[in-house]
Amino acid sequence: MEKNIKFSANVILVDVSFLDETVSNIKSFLAERLGRELPDMDLSAWFTCLALDAGLREGDNEIQVLLVHDGEMPVLPHCCPANLKELDGMACRTSLGELVFSCVNTAGMVTSADLFLDLMNLALDSADVKRLALVPFHRLYADRVEEELRKFFDKKEEKGEADCQALYFMMAAPQTPVPCVCDSVLYSLSHVLGVQPEEL
């Protein structure tokens, strides 16, 4: 992993496999439950929701979105844009600032979980990163993200160093305490799919 990677002050780190599987499952489940067809998920709208959940507010912010995947540039059938190749290297303006997209490939060298954790640790260690939102693939990662977060923040606490603000998005609450803010990813996904809170 390249150690001198340049990070923005605000970083959203997402495992594409989690995004693909979860959006497909949630969209299918909610459409059946609500008895209506749901739209494809607008990725820029969802990343804006994640940034809001992470505490970012309107302004001229740069939000770096790192999309981790483990093969050819994937196509996400229930997202817009669906083709990540078209999204890679692009940027768009939102009320919070500018979203800048980068797709990061494992290149067959490591698993997507290993790459995600490497990028997470580099971002946590970076003096440039002030806010880090994490969306791993929980089904494949098991407790690895929680373990790495505990190690990192335990070391920071021992040294009395200032931490970047980390927010860990999950489908369900962690089984044991994690030393950062945890939030459900379901609400932002449902919101972008046009589902009202009272319908959940």
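**Entry 1: helix H1**

The expected span of a helix is 1.5 Å times one less than its number of residues. I wrote that down before opening the structure, which is a predicted model. I then looked up H1, which has 19 residues. From its first C-alpha to its last, H1 reaches 26 Å, close to the 27 Å expected at 1.5 Å a residue.

Next I asked which residues of H1 are buried. They are Val16, Phe18, Leu19, Thr22, Val23, Ile26, Lys27 and Leu30. Looking down the axis of H1, I found these buried residues within an arc of 135 degrees, so they line one face of the helix. The face turned away from the buried side of H1 carries the exposed residues Phe29 and Glu32.

**Entry 2: helix H4**

I repeated the length check on helix H4, residues 112–125. At 1.5 Å a residue, its 14 residues should span 20 Å, and the end C-alpha atoms are 20 Å apart, which agrees.

How many of the 14 residues of H4 are buried? I noted 10 of the 14, so H4 is largely enclosed by the rest of the structure. The list of buried residues in H4 runs Ser112, Ala113, Leu115, Phe116, Leu117, Leu119, Met120, Leu122, Ala123 and Leu124.

**Entry 3: salt bridges**

I looked up the salt bridges and found that the structure holds 7. Side chains of opposite charge can pair when their charged atoms come close.

Glu21 and Arg139 meet through their side chains in a salt bridge, at 2.7 Å from N to O. Glu21 lies in helix H1 (residues 16–34) and Arg139 in helix H5 (residues 138–141), so this pair ties together parts that are 118 residues apart in sequence. I also checked accessibility: Glu21 is partly exposed, with a relative accessible area of 30%. Arg139 counts as exposed, at 56% relative accessibility.

Next I took Arg93, which forms a salt bridge with Asp60; their closest N and O atoms are 3.3 Å apart. Where do Arg93 and Asp60 lie? Arg93 is in strand S5 (residues 91–94), and Asp60 is in the loop between helix H2 (43–53) and strand S3 (61–69), so the pair ties together parts that are 33 residues apart in sequence. Are Arg93 and Asp60 buried or exposed? Both are exposed.

The last pair I followed was Asp114 with Arg144, whose side chains meet in a salt bridge at 2.6 Å, N to O. Asp114 lies in helix H4 and Arg144 in helix H6 (residues 144–159), so the pair ties together parts that are 30 residues apart in sequence. Asp114 is partly exposed, with a relative accessible area of 25%. Arg144 also counts as partly exposed, at 34% relative accessibility.

**Entry 4: single residues**

I looked up Asp42 and found it in strand S2 (residues 41–42). Asp42 has a relative accessible area of 35% and is partly exposed. Which residues does Asp42 touch, not counting those up to four places away in sequence? I noted Cys80 and Val192. Asp42 and Val23 are 19 residues apart in sequence and 11 Å apart in space, C-alpha to C-alpha.

Cys80 came up again when I checked the peptide bonds: the bond from Cys80 to Pro81 is cis, with omega near 0 degrees. Pro81 sits in the loop between strand S4 (79–80) and helix H3 (84–87).

I also looked up Asp154, which is in helix H6. Asp154 counts as partly exposed, at 41% relative accessibility. Asp154 and Val104 are 50 residues apart in sequence and 28 Å apart in space, C-alpha to C-alpha.

**Entry 5: the whole chain**

I finished with the protein chain as a whole, which has 7 helices and 9 strands. With 200 residues, a compact globule would have a radius of gyration near 16 Å; I found 16 Å for the protein chain, which agrees. Along the principal axes, its C-alpha atoms fill a box of roughly 55 × 35 × 35 Å.

Of the 200 residues, 45% count as buried. The chain exposes about 10200 Å², and carbon and sulfur atoms supply 50% of that area. For contacts with a separation of 6 or more, I noted that residues 24 or more positions apart account for 75%.

Note on methods
Residues are numbered from 1 along each chain as its sequence is written. This is a predicted model: local features need pLDDT of at least 70, side-chain atom pairs count only at pLDDT 80 or more; totals for chains, interfaces and linings use all residues. Side-chain values use heavy atoms; hydrogens and water are left out. Helices (H or I, at least four residues) and strands (E, at least two) are DSSP runs, numbered from the N terminus. Buried means under 20% relative accessible area, exposed over 50%, partly exposed in between (1.4 Å probe, protein chains only). A salt bridge is a side-chain nitrogen of Lys or Arg within 4 Å of a carboxyl oxygen of Asp or Glu. The radius of gyration is taken over C-alpha atoms; the globule rule is 2.2 Å times the number of residues to the power 0.38. Contact means heavy atoms within 4.5 Å. Accessible areas come from the Shrake-Rupley method with a 1.4 Å probe; for residues, only the protein chains shown count as cover. The arc is that of the directions from the helix axis to the C-beta atoms.
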